[in-house]
Amino acid sequence: MLTCRTYATLIAAATSVAIACVGTGQAAAAGAAAPSACRPANHLANIRVDQASSGHLHFRVTLTAPKGYASCRLAGSPTVLGFTRHGVPLGVKAGRYGDQTTSVTFGPGRPVHFDIQVPDQGHHSTADQVSFTLRAPDGEIPGTSVADGALRIAAGTVVGPVRSGA
């Protein structure tokens with residue numbers, strides 16, 4: 001019995017040391033430059049229905065960044081690469097609307113969103129995902145971001161500029 005307790009104590013002590021070492025490594029990494037929240041792998045994006053306007057449906061794509069990432073600047077409308085339903089491309093291309101020059105800060109605790117505006121003409125396709133490339137004030141950010149959520153799309157769909165807030 002004494003041997004089991006001794007081994008248990010040694011294992012607990014070794015685990016504590018290992019956790020302390022990992023914690024120190026993470027603290028050192030946190031002191032270094034944090035990765036940008038604007039990179040596709042470093043943020044989350046979701047789609048939800050927004051308030052319709054005269055003749056248009058609207059869907060809000062909200063981007064959030066977890067703690068540990070550096071804030072960054074975004075500007076203009078994302079370039080939409082495609083809409084899909086169950087992984088199947090739908091072939092609808094999206095244009096842009098609105099001011100493409102105003103920049104906003106994005107990062108942990110500072111969500112941003114953009115609008116997908118769809119003509120409400122009755123000829124819609126349903127989609128469950130949109131892939132897009134974010135834009136910074138000086139050009140596109142490398143990589144493809146993906147947002148999930150139910151939306152409808154149609155010919156004439158346009159994407160608004162990134163704005164502050166969820």
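Guide: A residue is called buried when its relative accessible area is under 20%, exposed when it is over 50%, and partly exposed in between, with a 1.4 Å probe and protein chains only. By that criterion, 36% of the 166 residues of the chain count as buried. The model is a predicted one, in which local features need pLDDT of at least 70 and side-chain atom pairs count only at pLDDT 80 or more, whereas totals for chains, interfaces and linings use all residues. Residues are numbered from 1 along each chain as its sequence is written, and side-chain values use heavy atoms, with hydrogens and water left out.

Helices (H or I, at least four residues) and strands (E, at least two) are DSSP runs numbered from the N terminus, and the chain holds one helix and 14 strands. A nonpolar core is here a set of buried Ala, Val, Leu, Ile, Met, Phe, Trp, Tyr and Cys residues joined through side-chain atoms within 4.5 Å. The largest such core has 32 residues, and the members that touch the most others are Val-61, Leu-63, Leu-74, Phe-83, Phe-106, Ile-116 and Phe-132.

E1 and E2 are antiparallel partners over eight bridges, with Ala-45 standing opposite Leu-63 of E2. The hairpin that these two strands make has two residues between them, and there Gly-55 adopts a positive phi near 80 degrees. E4 runs antiparallel to E9 and is joined to it by five bridges, one of which places Thr-79 across from Thr-133 in E9. E9 is in turn joined to E12, again in the antiparallel sense, by seven bridges, and Val-130 has Ala-147 of E12 as its bridge partner. As a general point, side chains in a regular strand alternate between the two faces of the sheet.

Phe-132, already named among the core members with the most contacts to others, also belongs to an aromatic pair, and the structure holds one such pair. Rings of Phe, Tyr and Trp (its six-membered ring) are paired if their centres lie within 6.5 Å, with planes under 30 degrees apart counted as stacked, over 60 as edge-to-face and the rest as tilted. The ring centres of Phe-114 and Phe-132 are 5.1 Å apart and the planes stand at 75 degrees, so the pair is classed as edge-to-face. Because Phe-114 lies in strand E8 and Phe-132 in strand E9, the pair ties together parts that are 18 residues apart in sequence. Both Phe-114 and Phe-132 are buried.

A disulfide is taken to be a pair of cysteine sulfur atoms within 2.5 Å, and a search of the whole structure finds one. It joins Cys-38 and Cys-72, whose sulfur atoms are 1.9 Å apart, and it is right-handed, with 90 degrees about the S-S bond. Cys-38 sits in the loop between helix H1 (2-31) and E1, while Cys-72 is in strand E3, 34 residues away, and the pair thus links distant parts of the chain. Cys-38 counts as buried at 3% relative accessibility, and Cys-72 is buried at 13%.

Two loop positions complete the view. Contact means heavy atoms within 4.5 Å. Ser-77, in the loop between E3 and E4, counts as buried at 0% relative accessibility; leaving out residues up to four places away in sequence, Ser-77 touches Arg-96, Tyr-97, Gln-100, Arg-135, Val-159, Gly-160 and Pro-161. Ala-94 lies in the loop between E5 and strand E6 (95-96) and counts as partly exposed at 25%. Beyond its neighbours within four places in sequence, Ala-94 is in contact with Val-80, Phe-83, Thr-157 and Val-159, and its C-alpha is 9.2 Å from that of Phe-83, 11 residues away in sequence. For the chain as a whole, residues 24 or more positions apart account for 77% of the contacts with a separation of 6 or more.

Terms used
Pairing = 2+ DSSP bridges.
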